[in-house]
Amino acid sequence: MGRLSRLIAGCAGVAVAVFGAAALLMSLRGAPPDGLFTDPAAALVPAGLGLLLRVLPVSHRIAGRVVHGFAHLLMVFAAAIGVLGLAGHPGPAIATLVAIAALVLLGHLLRTLQGAERRQRRLVGELEDREKFAATLLQSMNEAVMVMDANYHVIDVNRRWRELTGHAADEPVRFDPPPVPPSGSSGDWLLPRLDGGAVPVLAAVAPVPDEQGTPRAYVATYVDIADRKRAEETLSEHAAELERGNTMLREANARLEAALTFKNDLTSMLTHDVAQPISSIASLAELLRADWDDLPDDIRLELATKIDKNTQRLIKMLNDLQLLFRLDMGSVTARRAPVPLREVAEAVAAASSAGEEVRVAIAEGLSALADRGHVTAVLQNLVNNAVAYGSPPIELSAERLGETVELTVRDNGPGIPDDLLPNLFGRFMRGAGLGLFIVRHLAEANGGSVRYEHATPQGARLVVTFELAPV
């Protein structure tokens, strides 16, 4: 529109100048006869030239000012000619002045339009520059960005978004609907890819509000955190490995402490419990050898009997130690089978040093599912413990409780002091040797347990629980 309007105005200026020149020539020749085109028409020549200069496009600012200033002078000159013609030719002069005013107005209007056009071009250029800058900024961002309208239709995406989702450079967005995190949420998310995979990202969606605050667009950003996730997983694996190492170290320390405790307890036991019968055997044997000829037969028999008892005690203690080592190594296994409890109890009672003081009160046919040798060892240790620390009579009983059977050894002694109960079944119970420790482990090896109860009105009850053998 600007170029066309300037062309038309320029042509009009040239036409007015030519018309004014022709009118001036005709006036000088005395035509027309009515004198319409007389001297005032000469004002049209500078007015037309002024209009032509007014609409000429001049790029240089100073040159433009000179040209437009000269155009103003021409217009002023044309107006002066018209004013001078008012005296002799008022009609043509007024018409000429009106024409000059119209030309001035036309020139001003064109200049205004030109200014508006320049401003429009400048604004359009600025908008284009801004759009280019925004597009360049969008494409140069390291974060993946997706721009959507108010209805979540994709307007544009950047290069990084295409890389993360597997889109080609000029490929249209093939997701429908587009991958957008749940409304109002932000944080770790999985951005889907065209190949069916997913990329861990830090996603966020921000609305672009209008003047009323209503979202007119949305901008979704996605930051690739795959490296961070891998680093976190690696760190977690290292932490887990370190924790496993710490656990193994703690277990090793616990085993070392247990082994050290076992060594100290074993040393203490060997120093006292084992050394005592050996010392007694040595003393009795030396006395028997030194005074053999002077000792009567009954004294010899008594000394030999004491030596035999101490020897048997020592043999039992060594057997218990051997079993203790096997228990600590975990090499004791139970071969469970139905065990007739009355039969085993009677055999243990018959072999006991207490003899008839050990009574059996177990019904026929009551059997436990356990290792027979272990049940025998359990009863022997409990009976020996009752003989050593309790008082007769000693009673062996058993009863069925649901799918279990409880085997009880009771004595009528003072019972076990309360301060000893917490460690009653420990490895080296003070004053009880290894018997109760072995009982506990053999019972547990057969799926059972052992406990202590105060007997009424006095005495101790040691109760071992085994699984009831099927009939």
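Two strands are said to pair if DSSP finds at least two bridges between them, and the close-ups below, taken from a predicted model, begin with strands that do so.

**View 1. Strand β8 and its neighbours.** Strand β8 (residues 367-370) is joined by two bridges to strand β12 (residues 460-468), the two running antiparallel, and Leu369 stands opposite Glu467 in β12. Four bridges join β8 to strand β6 (residues 337-340), again in an antiparallel arrangement, with Pro340 having Ser367 as its bridge partner in β8. Ser367 and Leu369 point one way from the strand while Ala368 and Ala370 point the other way, and all of them are buried.

**View 2. A salt bridge between Arg160 and Asp224.** The side chains of these two residues meet at 3.3 Å, N to O, and the pair links distant parts of the chain, since Arg160 lies in helix α5 (residues 159-165) and Asp224 in strand β5 (residues 215-224), 64 residues apart. Arg160 is partly exposed, with a relative accessible area of 21%, and Asp224 is also partly exposed, at 33%.

View 3. Arg228 forms a salt bridge with Asp188 (3.0 Å, N to O) and another with Glu232 (3.2 Å, N to O). Because Arg228 and Glu232 are four residues apart in helix α6, about one helical turn separates them.

**View 4. A patch of negative charge.** On the surface, Glu126, Glu128, Asp129 and Glu131 gather in a patch of negative charge. Glu131 belongs to helix α4 (residues 90-140) and counts as exposed because its relative accessibility is 57%, where exposed means over 50%.

Terms used. Residues are numbered from 1 along each chain as its sequence is written. This is a predicted model: local features need pLDDT of at least 70, side-chain atom pairs count only at pLDDT 80 or more; totals for chains, interfaces and linings use all residues. Side-chain values use heavy atoms; hydrogens and water are left out. Patches are made of residues with over 30% relative accessible area and no salt bridge: like charges are joined within 9 Å, nonpolar side chains (Val, Leu, Ile, Met, Phe, Trp, Tyr) within 5 Å. Accessible areas come from the Shrake-Rupley method with a 1.4 Å probe; for residues, only the protein chains shown count as cover. A salt bridge is a side-chain nitrogen of Lys or Arg within 4 Å of a carboxyl oxygen of Asp or Glu. Lys and Arg count as positive and Asp and Glu as negative; His and the chain ends are not counted. The place of a charge is taken as NZ of Lys, CZ of Arg, CG of Asp or CD of Glu. Buried means under 20% relative accessible area, exposed over 50%, partly exposed in between (1.4 Å probe, protein chains only).
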